[in-house]
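Me: I would like to learn how to read a few features of a protein model. Could we go through them one at a time?

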Amino acid sequence: MCGIVGAVSQRDVEGILLEGLRRLEYRGYDSAGLATLNGEGNIHRAREVGKVAALADALAAQPSPGTIGIAHTRWATHGEPSQSNAHPHMSGERLAIVHNGIIENYQELRDQLRAEGYQFTSQTDTEVVAHLIEKFYRTEQDLFKAVTAAIGQLRGAYALAVLHADEPDRLVVCREGSPLVIGVGIGENFIASDQLALLPVTDRFMVLEEGDIADIRRDQISILDRNGEPAERDVNRFEHGQDAADKGEYRHFMLKEIHEQPAVIKTTMEGRLTDSHVLEQALGTEAGKLLEDVRHVQIIACGTSYHAGMVARYWIEELAGVPCSVEVASEFRYRKHVIQKDTLFLCISQSGETADTLAALRQAKKSGFRAALAVCNVPGSSLVRESDLVIMTHAGPEIGVASTKAFTTQLTALLIFTLALARHNGLTEEKEVEIVQALRQVPGQVAEVLALDADIQQLSEAFVDKNHSLFLGRGSQYPVALEGALRLKEISYIHAEAYPAGELKHGPLALVDSEMPVVTVAPNNDLVEKLKSNLEEVRARGGELFVFADREANVKTEDGIHVMQIPPVHPITAPIVYTVPLQLLSYHVAVLKGTDVDQPRNLAKSVTVE
Ligand code: M6R
C-alpha cells in the first residue's frame with residue numbers, strides 16, 4: 001500500500017526522504033515521488049514509475065535540494081501506475097501533497113472544482129484534495145486553516161502531508177482512517193506512515209489519533225484533535241533496535257524472519273507464562289473478570305491472520321469448551337449476524353491497520369459484544385488503540401510481504417489466551433501444566449525444523465516446473481495447510497489449494513495426477529491413521545506426495561512419497577511447529593523460480609484500503 005515520508009529540518013532532506021521510501025518498499029507500490037522546497041522558494045518535484053531506485057537515478061541526474069519535503073510510494077487505486085498519477089500532486093506551482101487512503105466523494109468534488117476552473121492532470125482522488133486545499137488557502141492564507149477547512153469536505157480514509165511554498169518552515173499533516181506517525185528529532189521533525197521509514201533519523205515517535213491535524217515545524221509540533229482542541233500525544237521510543245529493518249546476513253527479509261522465529265516466539269511468551277502456568281494478569285488487569293464472563297468467541301481477521309484464527313478455534317473449543325466462530329473480516333462487516341450473549345470479539349492482525357479488520361471492529365463496538373480483544377504486532381496501531389484489551393505478539397517488524405513470524409507468534413499468543421480462558425472453563429491444572437510445558441519447548445522444536453533447511457531446499461526442486469499444487473491437513477493442521485498454500489501461491493505464483501484431507505474424495509481427488517504435487521502435514525495425533533488412508537488415495541492415482549511427518553507417525557519414504565521427518569511435538573502446539581517447513585518450502589521454490597520474494601507482484605504488506 002502507499003507510503004508517506006516527510007521532513008522539516010536544517011539539513012538537506014532529499015537523502016532522508018529517499019531512504020525513508022526505500023524502507024517503505026516492502027509495503028508494495030508501483031511508483032514513487034518526492035517534492036522539496038528549494039532555497040529560491042520553489043517546489044521541485046520528481047516522480048517515476050517503478051522502483052525507488054528509478055527515482056533515485058532521476059534525482060542523481062537532477063537533484064532536489066531543500067530542507068523541507070514530502071515523498072511517497074504509490075499503490076494504484078484511482079488510475080493506472082503512471083508518472084502523472086504518482087504523488088506528490090500539486091495545485092499550481094506552490095502547493096504539494098501526498099496522500100494515503102481513498103477519498104470516496106472525489107468525483108463529486110472533482111466536478112465541482114473543475115466547474116470552478118481547476119485543471120486536472122491525473123486520474124487520482126489525491127489531486128482533488130490538492131486543489132481543494134489550494135481553494136481554501138486563497139481565502140485563509142494559512143496552510144493549517146486551509147487543510148482544516150478542506151478535510152471538512154472529505155469522505156473516506158486519508159493520511160495527508162501538505163507543503164506550501166509560501167510557508168517554507170511547516171508541514172501540515174492529518175489522519176483519518178490511515179496511519180501516520182511523527183518522528184521527533186532534535187531541531188528537526190519528520191512524518192511517515194510507518195515508523196520503520198524514519199529509523200535512520202530518530203527512534204522517538206508520536207502516533208496521531210484519528211481526526212488529528214498537526215503543524216510540524218523544525219522545533220515545534222502542535223496538534224489539534226477532531227474537535228479542534230489542542231491535543232498532547234505521547235512520545236514513545238521504538239523498541240526493536242535499529243537493525244530491525246535490515247536483512248543482515250540473509251538474502252531476503254522473508255528468510256531472516258523465518259529464522260527469527262525461535263527467538264520471537266520466546267518473546268511472545270515472556271512475562272505471560274511461568275514454567276507451568278499462564279499469568280492471566282499479563283493479559284491486562286481486566287482480563288480475569290472478562291474471561292470469566294465469556295460464553296462465546298467471535299474471531300475476525302484477514303489472510304494469514306484468519307488462518308491463525310482458524311487454528312485458535314480448534315484450541316478454544318477443545319481446551320476451553322467455549323463455542324467459537326471465525327470469519328474473514330471483509331465478509332463479516334457486510335452481513336447481518338446474530339450476536340450471542342457474552343460474546344468476546346477477537347480481532348487478529350499483524351499490522352493493526354487492515355481496513356476490513358478495522359471496519360469490522362468499529363462495527364462490533366456498536367453491536368453489543370461483551371468486549372473487543374486484539375491480537376496484534378504493531379504497537380500504537382489503530383487496532384491496538386481502539387480495542388478494549390490487547391495481546392501484543394512482539395514479533396518485531398515483519399518486512400517480507402509473506403507473513404512468517406507474525407503467524408507463529410499470533411498462534412503463540414492465541415494459545416496463551418486460550419489457556420487463560422480455559423482456566424475459567426474447567427481446564428484441569430494438570431492439563432494447563434502439560435500445555436504450558438509443551439509451549440515452552442516450541443522455540444527449540446522450531447530451531448530443529450530450521451536445521452532441515454538444506455533438505456527442504458532440495459525438495460523444493462520438484463515444484464519449480466509445476467503449475468498447481470494441493471495441500472492437505474486434518475483437524476488443526478487444516479488451517480496450517482491453508483497457510484502453506486497461501487504462502488506458496490503468494491511468493492512463487494504456483495496455484496495452490498488446501499483441503500481438509502477428509503474432503504479429498506468429495507472432489508479434489510479428480511485433480512490428482514503426476515503433475516500435481518500434494519503436500520501434507522502429519523503430526524502424530526489421533527487423526528494420523530485416517531490421514532494415512534487419504535495419502536494412499538492420492539498415491540493410487542499417481543500423485544506425488546511430500547509429507548512432513550512426525551518421526552513416530554510411521555510414514556515412510558517410498559515410491560511416490562517423500563517424507564521429511566519432524567521432531568515429536570505435542571498435538572496442541574503442532575500447528576506452530578508444522579508451519580515452519582511449509583514456509584521454507586515456499587521460500588525455496590520462489591527463490592528457484594526467481595520471483596520477488598519479499599515484494600511479490602500485486603500485493604501489499606498492509607491492506608489499508610478496502
Ligand atoms: O496485517 P494483517 O494481519 O491484518 O494482514 C492480513 C493479511 O493481509 C495478511 O495476512 C496477508 O494475507 C499476508 N500477505 C499473508 O502473507
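Reply: We can start with the ligand: 13 residues lie around it, and Ser305, Ser349, Gln350, Thr354 and Glu490 come nearest. Keep in mind that this is a predicted model.

Me: Which atom of Ser349 lies 2.6 Å from an oxygen atom of the ligand, side-chain or backbone?

Reply: A polar contact is a pair of N or O atoms within 3.5 Å. For Ser349 the atom is a polar one of the side chain, at 2.6 Å from a ligand oxygen. Gln350 uses its backbone instead, with a polar atom 2.7 Å from an oxygen of the ligand. Ser403 also contributes a backbone N or O atom, and the distance to a ligand oxygen is 2.8 Å.

Me: How much of the ligand does the protein bury?

Reply: The ligand taken alone exposes 410 Å², and the protein buries 91% of that area.

Me: Now the sheet. What is the order of its strands, and is the pairing parallel or antiparallel?

Reply: The sheet is open and has 5 strands, in the order β16-β15-β17-β18-β19, with parallel pairing.

Me: Why is one side of β16 and of β19 left without a neighbour in the sheet?

Reply: β16 (324–328) and β19 (389–392) stand at the edges and have a single partner strand each, so one side of each lacks a neighbour in the sheet. From one strand to the next, the twist averages 20°.

Me: How many bridges join β18 to β19?

Reply: There are 4 bridges between β18 (residues 371–376) and β19, and the two strands run parallel.

Me: Which strands does helix α11 lie across?

Reply: Helix α11 (residues 355–364) lies across β15 (296–301), β17 (343–349) and β18, at about 160° to β17. Helix α13 (residues 405–423) lies across β15, β17, β18 and β19, and runs at about 165° to β17.

Me: Last, a single residue. Is Ile43 buried or exposed?

Reply: A residue is called buried under 20% relative accessible area. Ile43 has 12% relative accessibility, so Ile43 counts as buried. Ile43 lies in strand β3 (residues 43–49).

Me: Which residues is Ile43 in contact with, leaving aside its neighbours within four places in sequence?

Reply: Among them are Ala35, Thr36, Leu37, Met90, Leu95, Leu163 and Ala165. For a distance to another part of the chain, take Gln141: 98 residues separate Ile43 and Gln141 along the chain, and their C-alpha atoms are 18 Å apart.

Note on methods: Residues numbered from 1 in each chain as written. Predicted model: local features only at pLDDT ≥ 70, side-chain atom pairs only at ≥ 80, totals over all residues. Heavy atoms only, no water. Pairing = 2+ DSSP bridges. Axes fitted to C-alpha atoms, helices over the stretch in contact; angles between N-to-C directions. Contact = heavy atoms within 4.5 Å. Near = heavy atom within 4 Å. Polar contact = N/O pair within 3.5 Å; in protein donor to acceptor, adjacent residues only side chain to side chain. Areas by Shrake-Rupley, 256 points an atom, 1.4 Å probe, with all protein chains shown as cover. Buried < 20%, exposed > 50% of the residue type's maximum accessible area, 1.4 Å probe, protein only.
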